[in-house]
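Here are a few friendly notes to read alongside the coordinates. Please keep the model open while you go through them.

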Amino acid sequence: MTEASVSGLACEARLNLRNLPLYIDRISDRLQSFEADATQEGQRLDFRFAFGGASFDMERLVMRANAADRDGLARIKDLLATAVEVYAREENPEIVWTGDLAGETRLAQFREMTVTHVGDLTPHMRRIRFAGEDLSRFVKFGGMHIRMLFPTREAPNPLWPVLGSNGLPAWPSDDRRPVARVYTIRALDVANGVIDVDFLVHPGESVGAAWAIQAASGMKVGIIGPVGRPVRQASWYLMGADETGLPALARMLETLPAETSGMAFIEVADEAERQPIDNATGIEMHWFLRNGVPAGEDQRLADAVRAVAWPQNDSAYGWFAAEAAAAKIVREHWRGTLGLGRDHTLAAAYWRRDVAGLMAG
Ligand SMILES: Cc1cc2nc3c(=O)[nH]c(=O)nc-3n(C[C@H](O)[C@H](O)[C@H](O)COP(=O)(O)OP(=O)(O)OC[C@H]3O[C@@H](n4cnc5c(N)ncnc54)[C@H](O)[C@@H]3O)c2cc1C
């Protein structure tokens, strides 16, 4: 029986790379952080995801992907091509997939969405509801986030990306190219085809916040996703977030099992920015109010997370999302000082002071 008949769909791409062995450890590490189990047999590395498989043949310089369905295959092609493009960047890799679904131009991870409702949760947090077709893939793969594609002054009528032969989005020329920012799906209703996104309306020139301020029913954006690493299931969580991480933190508190325990620290500008969270878990919530200290300058959130003793519990997980400097402090503490691995912690920069368009990871 061939690999394709076991798994449904299969494809491969040649890797014309001189130094693949130099990159393969980091490629493997990245794929494992997306919950792949890795095994090696001689010159072949295999990765098993919940939704399909992948392999690297180090001798023949070929990577292969297989999955039961189109969404799964598109996801694996995207994960493999991204890892190769990132870690083998110096060789400018040219990836061309052959096999099932080669030549497709429909980007499986893209949807055009239409605004159906705009409302303010707090003075600076705006919840926008979007409707779109066939949103089931956004509950798959464990990623909670999306890349939102906005029209801008320079490209008021953007063209949406299509699927490139490398398995990644292919973009139109700059005058029609939308601008991307990362947001979290705060809530998702697949049956009714809607998602909610909470936008922080922050000061300064921007794309995402500026778009949210003038958003109105009927306006269109594109979304690509889901993106982001899955949060591991655990019985105890230590969480920290500022307003940008709050939508993800709140979604977790509302959806994790009731018996989950731990601590969650949340930083917002002031009392008026506190929002109700329907916490379904035993995780204790603690709020910090900046009360006049500019966003990104208050270290109390990172210090509070650092001060919590890590439990002697193998089912514990640390999750942190805030400004880059705070995320660095927490990451260094968890990974460096405590020696915890990626499988137990995720400390991500969700924005960086004075930098536009930061994409975590
Ligand atoms: C995985 C992930 C999920 C995210 N989810 C959400 C979400 O659900 N809701 C949400 O609001 N944000 C979220 N963010 C953060 C958001 O992507 C950034 O804040 C992004 O910079 C917003 O884009 P922008 O166009 O508004 O501002 P940009 O054009 O990127 O930045 C313009 C200026 O604004 C500053 N700036 C950016 N963010 C802030 C801030 N929070 N406070 C003060 N100044 C800021 C920048 O430093 C820069 O000087 C997420 C980020 C990641 C990586």
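1. Q275 sits in the loop between β17 (261–268) and β18 (282–289); helices (H or I, at least four residues) and strands (E, at least two) are DSSP runs numbered from the N terminus. With 8% relative accessibility, Q275 counts as buried, where buried means under 20% relative accessible area, exposed over 50% and partly exposed in between (1.4 Å probe, protein chains only). Setting aside residues up to four places away in sequence, Q275 touches L121, T122, M125, D198, L246 and W287; a contact here means heavy atoms within 4.5 Å.

2. A word on the source: this is a predicted model, in which local features need pLDDT of at least 70 and side-chain atom pairs count only at pLDDT 80 or more, while totals for chains, interfaces and linings use all residues. Residues are numbered from 1 along each chain as its sequence is written, and side-chain values use heavy atoms, with hydrogens and water left out.

3. Now the overall build. The chain has seven helices and 20 strands. Its radius of gyration is 21 Å, close to the 21 Å that the globule rule gives for 361 residues, so the chain is as compact as a globular protein of that length. That radius is taken over C-alpha atoms, and the rule is 2.2 Å times the number of residues to the power 0.38. Along the principal axes, the C-alpha atoms fill a box of roughly 60 × 55 × 40 Å.

4. Of the contacts between residues at least 6 apart in sequence, 66% join residues at least 24 apart. The chain exposes about 17100 Å², and carbon and sulfur atoms supply 49% of that area; the areas come from the Shrake-Rupley method with a 1.4 Å probe, and for residues only the protein chains shown count as cover.

5. As for charge, the mean positions of the 39 positive and 48 negative charges are 3 Å apart. Lys and Arg count as positive and Asp and Glu as negative, leaving out His and the chain ends; each charge is placed at NZ of Lys, CZ of Arg, CG of Asp or CD of Glu.

6. The aromatic residues deserve a look, with 16 aromatic pairs in the structure. Rings of Phe, Tyr and Trp (its six-membered ring) pair if their centres lie within 6.5 Å; planes under 30 degrees apart count as stacked, over 60 as edge-to-face and the rest as tilted. F110 and W160 make a tilted pair, 5.5 Å centre to centre with 40 degrees between the planes. F110 lies in strand β7 (residues 110–122) and W160 in the loop between β9 (145–150) and β10 (162–163), so this pair ties together parts that are 50 residues apart in sequence. F110 is buried, at 14% relative accessibility.

7. How are the rings of W236 and W310 arranged? Their centres are 5.9 Å apart and their planes stand at 75 degrees, so the pair is edge-to-face. W236 is in strand β16 (residues 236–241) and W310 in the loop between α6 (300–307) and β19 (316–323), which links distant parts of the chain, 74 residues apart. W236 is buried at 14% relative accessibility, and W310 is buried at 17%. Elsewhere, F130, F150, Y183, F199 and W211 form one aromatic cluster.

8. Some backbone details are worth checking. A cis peptide bond joins G225 and P226, with omega about 0 degrees, and P226 belongs to strand β15 (residues 220–227). E35, although not a glycine, has a positive phi of about 65 degrees; E35 is in the loop between α2 (20–33) and β2 (37–41) and is partly exposed at 36% relative accessibility. L61 is not a glycine but has a positive phi of about 55 degrees. L61 lies in the loop between β4 (52–57) and β5 (62–67) and is partly exposed, with a relative accessible area of 26%.

9. Is L15 buried or exposed? At 2% relative accessibility, L15 counts as buried, and its place is the loop between β1 (9–14) and α2. Beyond its neighbours within four places in sequence, L15 is in contact with L20, F56, L61, V62, M63 and V84.
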